[in-house]
Amino acid sequence: MRKKVLLFALSLLLTFTGVAAENYVLSSNNTSLVISANKDGNANYKYFGPRIEKSEIGGIDGARIGTNQATYPTFGLHSLSEKAIVTQMADGNLSLDLTVTDIQQTTDDNGQLLVITFKDKVYPFVMKQYFKVYNGTDVFSTWVDLENQDKKAISLLRYYSACVPLQRGNNYSSHLEGYWANEGGLYEQPVNNGQIVLSNKEQTCIGRGVSSSIMVTFDGVPQESTGRVFGASLRWTGNHKLILNARDNALTLLAGINDDAATYTLESKDVFTTPELIMAYSTEGKGGVSRAFHRWALKYGLMHGDKLRDILLNSWEGVYMNVNQPVMDQMMADISALGGELFVMDDGWFGDKYPRDTDKSSLGDWVVNKKKLPEGIEGLVASAKKHGVKFGIWIEPEMSNTKSELFENHPEWILQHKNRPLTQGRGGTQVVLDLTNPKVQDYVFSITDNLLTKHPEIAYIKWDNNAEIMNYNSLYLPANRQQELNVRYQMGIQKVLKRIRDKYKDVVIQLCAGGGGRVSYGFLPYFDEFWTSDNTDAMQRLFIQWGDTHFFPAKAMASHVSASPNHQTHRTLPLKFRFDVAMTGRLGMELQPKDMKPEEKEFSKRSIAAYKEIRPIVQEGDLYRLVSPYERKPITALMYANADKSKIVVFAYRMEYLHSQKIEPLLLTGVDENKKYLIKDLTPWEADKPNNLNGKTVSGKILKYMGLGLGQTLNRPESSMAIELIAQ
Ligand code: DGJ
């Protein structure tokens, strides 16, 4: 008894004096994360900011800036603020009280890790919390494993990935939000006391609505190249919730799987791993955080991040569902003649009993429509070979239509309520397959597997998804597991994608969900790129792409030149403007080339050749956003620079035109001020009439601090500029 009292007194002393709490540091080149933890005690966040050395850590307490917030606040004891986790034990108890039992510093194949193990003081519940810094990047991450060591099940009512304290100051938040054909809208607001909640329940289309990424500033209104900024993004494929919780002197970011109607039963001996929250910190404004995420993505967060992307033609807006062998052959010939490298046949190629002529039928019947394509995929592959381009194909494997052979044969594979009429989506007949069911997972895997086994020449798959879960009930899951539907759907789809990637390492796969409905780092380890939006209007794309670049790299952002007037907005824009916009991402075309005039074809050919020249700079360089389209200045501009800033590409667009309207000089913040650059117009409308900057040599100092005068270059409504700067 005396021993117990002594131990208790000692632990109290350690807790309150912090004597035994050690500081654990994870550092990248520019950033440090410090966690203080002691065995038999607590773990607290102490610091996340500019890189500091071990000798400076004492100063965190000295300057009284340490956050000292628990690394994973639990519900049921202590204060009433927002918690990272709420559990319910078999006896109904809702509280959790975690003590550190082990602290390890270790490594995995791509980073350094700090792993802290906790145990509840009363219940056999164990948590492992991970903190990681990715090698060669400025990106950190955190997540937890939740383990039920009890004999009975435990309910996880809330199971977030993280609860990170941020410095309270003059904070603003930036996040993306939108809807179909208007994704990626950038919303920036002051952080007042209260909560900013980014809650998404779009289930299978979580890139729409509110996105799972956020930036928070510490020095007021978000700036591109100055000020301290924190950024975070959740690597999850389904419903998420981010809560920025502000009180007078405290600010925390909670992030994880959305806990609304999502209680998860953790069976005895089961472990649940939460998604990872990636984080970056920069003193170079939002631009610094974006560049950190982009560099990380190319190394770790995006499939084939180290490979350049092909220039493609997609058939959708060119012919919609009217695909057939001669038209596909013609489109392949045309894109090849323009210098493209890949052709993708979109929707409309499949269905036997029910041919896919409209969106009212056939999803699930992944057999070639022999009327449209009598020579089958073999014929298309032969055409592609003849024209010297690669071949890709569209599928929407997670779906069915009520008018399909799949639905007739397996109605039980559809998510549905037994006792309610079936809510049907696109075309009035689209329904969602039950990916919680392993048989359905096998079936969805087999769609890609069959295509790629029979036709190994298929180089690219466009994986579409055009419905969220409309009938929230699984015939596979038992009654007491229905709340796990979304989480288990996501586990199911991830399992399928992993199987595909284990077997097919090289195939390029585009992530599409009615446009940008799935843009998230949860998916991108399996996908090479995302279809940014079904809206291909270059003027609106300036906004959508501006938003996406805050978190995602240009290489992943599919950006296509489409017809004018645009099919979504009916806006008419010059072909040069459309090219200059599409060239800031992964360039492609999305029209019927047969309908182009000879001079348009000639311009396209030159522009595609120019893109090939600058492709590594755009796809692998550092992005500097220069003038926001939201500022309506009346231009918007951005630039990419290669690693040593010897090659730079600058894009600028006139968004609005009034006579004698003021245009401020364009400061090229990303150039090397000690270099001299020769300017080259990349996309003159007439080959022999480049713009008035072409051929000039200007020093980096002038470009950075005095800028480029664009009054004469962007001197027409909807004029645009794409120039390369080559260091001399
Ligand atoms: C939605 C996609 O976003 C489009 O690009 C196209 O593939 C259609 N689906 C086809 O149905």
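How far is an oxygen atom of the ligand from an N or O atom in the side chain of Asp347? The distance is 2.6 Å.

## The model

This is a predicted model, in which local features need pLDDT of at least 70, side-chain atom pairs count only at pLDDT 80 or more, and totals for chains, interfaces and linings use all residues. Residues are numbered from 1 along each chain as its sequence is written, and side-chain values use heavy atoms, with hydrogens and water left out.

The protein chain is divided into domain 1 (10–301) and domain 2 (625–727). These bounds come from an automatic or database domain assignment. The centres of the two domains, taken over C-alpha atoms, are 40 Å apart.

## The ligand

The ligand is surrounded by 13 residues, each with a heavy atom within 4 Å of the ligand. The closest are Asp346, Asp347, Lys462, Asp464 and Asp534. The shell holds six charged, four nonpolar and three polar residues. Here Asp, Glu, Lys and Arg count as charged; Ala, Val, Leu, Ile, Met, Phe, Trp, Tyr, Cys and Pro count as nonpolar; the others, Gly among them, count as polar.

Asp346 and Asp534 also have side-chain N or O atoms facing a ligand oxygen atom, at 2.7 Å for Asp346 and 2.4 Å for Asp534. On its own, the ligand has 290 Å² of accessible area, and the protein covers 98% of it. Such areas come from the Shrake-Rupley method with a 1.4 Å probe.

## Arg625

Arg625 lies in strand β31 (residues 622–627). Strands are DSSP runs (E, at least two residues), numbered from the N terminus. Arg625 counts as buried because its relative accessibility is 4%, and buried means under 20% relative accessible area (1.4 Å probe, protein chains only).

The side chain of Arg625 makes polar contacts with two side chains: Glu224 at 3.0 Å and Ser290 at 2.8 Å. A polar contact is a pair of N or O atoms within 3.5 Å; within protein, one must be able to donate a hydrogen and the other to accept it, and residues adjacent in sequence count only if both atoms are side-chain atoms. Beyond four places in sequence, Arg625 touches residues including Trp546, His550 and Leu638. Contact means heavy atoms within 4.5 Å.

## Tyr521

Tyr521 sits in the loop between β27 (508–511) and β28 (529–531). Tyr521 is buried, because its relative accessible area is 1%. Its side chain reaches the backbone oxygen of Phe551 at 2.6 Å.

Leaving aside neighbours within four places in sequence, Tyr521 is in contact with residues including Ser233, Arg235, Trp296 and Pro553. Tyr521 and Ser212 are 309 residues apart in sequence, with 8.8 Å between their C-alpha atoms.

Conventions. Helices (H or I, at least four residues) and strands (E, at least two) are DSSP runs, numbered from the N terminus. Buried means under 20% relative accessible area, exposed over 50%, partly exposed in between (1.4 Å probe, protein chains only).
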